[in-house]
Amino acid sequence: MGGVQIISQLKSNQNIRYKGKKKTITDYFNMINKGVNCTIRVRGGEKVNATVSSARLKVDAHDGNVLFVIALKYEGEDEYRYLAATDVSWRTVDIIQAYSLRWLVEVFFEDWKLYEGWGQEAKQYDEEGSSRGLILSLLLDHCLLLHPEQEACIENKTPVFTVGSLQRKTQMDVLMECVKSLLQQQDPGEKLKEMGQVIKKVFRLMPSGKHMSGRTIGRLGPTPSLSRKYCPC
């Protein structure tokens, strides 16, 4: 106890031990330890309403070790999600706020997927997020098999082109078509100004929400009184 904190999510059908009897996490929190309404801070920023309950329980899937198990349900949600923390000397609210910081990992994946051309549509949440991103990437790769130059390679049984090079080629083709269209206008200069105004409206600079400056992320560490209670050593 008191070492590195590991926070993970448990499935609703995981078994725990309560007074020597085996129960699922869902049965325990729905029947024995019902949640209370509270307000928590997500990602060190906005406050949200939630229903929360917690207990230190032996979890069968973790070799019967005692974990700090939390049932969490945000306002508007019907089902609980269940968190488990290895260091039981933390407060409930600190574990929840630390769990919400997984968002920093999500935005990393979002940025990475931007290079596949999906933009904001690449932002995928929860357990299926990473697999969805992979599917989107593979779909894009398959779509580029229909590129005329790629089709020619396939028909002639010659080595195909890389996805990255096809993407760059397609982007430059679009740019050249845009320049060609401008030059064909009666007043290219005026048309260019109009296009510049449209671009400013569409591509606005947005403040970053990825930094943690000025955010309150909680204690994110053991509470002394709990450490003495659960870690007598």
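Visitor: How many helices and strands does the secondary structure of the protein come to?
Guide: The model shown here is a predicted one, and the description that follows should be read with that in mind. Of the 233 residues of this protein, 30% count as buried. Its secondary structure comes to 8 helices and 7 strands.

Visitor: Which residue takes a positive phi in the hairpin of β2 and β3?
Guide: The two strands of this hairpin are joined with 2 residues between them. A positive phi, near 55 degrees, is found there for Lys19.

Visitor: Are helices α6 and α7 parallel or oblique to each other?
Guide: Helix α6, residues 163-183, packs against helix α7, residues 188-202, with the axes 8 Å apart and at an angle of about 135 degrees. Angles over 145 degrees would count as roughly antiparallel and those from 65 to 115 as roughly perpendicular, and α6 and α7 are therefore oblique.

Visitor: How many nonpolar residues does the contact of α6 with α7 have?
Guide: From α6, the residues Cys178, Leu182 and Leu183 meet Pro188, Lys191, Leu192 and Met195 of α7. By class, this contact has no polar residues and 1 charged residue, while the number of nonpolar residues is 6.

Visitor: Why is helix α2 largely enclosed by the rest of the structure, and how many of its residues are buried?
Guide: Helix α2 spans residues 92-100, and its buried residues include Asp94, Gln97 and Tyr99 as well as Ile95 and Ile96. The helix is largely enclosed by the rest of the structure because the buried residues number 8 of the 9.

Visitor: Is Gly44 buried or exposed?
Guide: Gly44 is found in the loop between β4, residues 36-41, and β5. A residue counts as buried when its relative accessible area is under 20%, and the value for Gly44 is 7%, so Gly44 is buried.

Visitor: What is the distance in space between Gly44 and Ala98, C-alpha to C-alpha?
Guide: Leaving aside neighbours within four places in sequence, Gly44 is in contact with Arg215, Thr216 and Ile217. Ala98, one of the buried residues of α2, is 54 residues from Gly44 in sequence, and the C-alpha to C-alpha distance between them is 9.0 Å.

Key: Residues numbered from 1 in each chain as written. Predicted model: local features only at pLDDT ≥ 70, side-chain atom pairs only at ≥ 80, totals over all residues. Heavy atoms only, no water. Pairing = 2+ DSSP bridges. Helix = DSSP H or I, 4+ residues; strand = E, 2+ residues; numbered from the N terminus. Buried < 20%, exposed > 50% of the residue type's maximum accessible area, 1.4 Å probe, protein only. Axes fitted to C-alpha atoms, helices over the stretch in contact; angles between N-to-C directions. Parallel < 35°, antiparallel > 145°, perpendicular 65-115°, else oblique. Contact = heavy atoms within 4.5 Å. Nonpolar A, V, L, I, M, F, W, Y, C, P; charged D, E, K, R; others polar.
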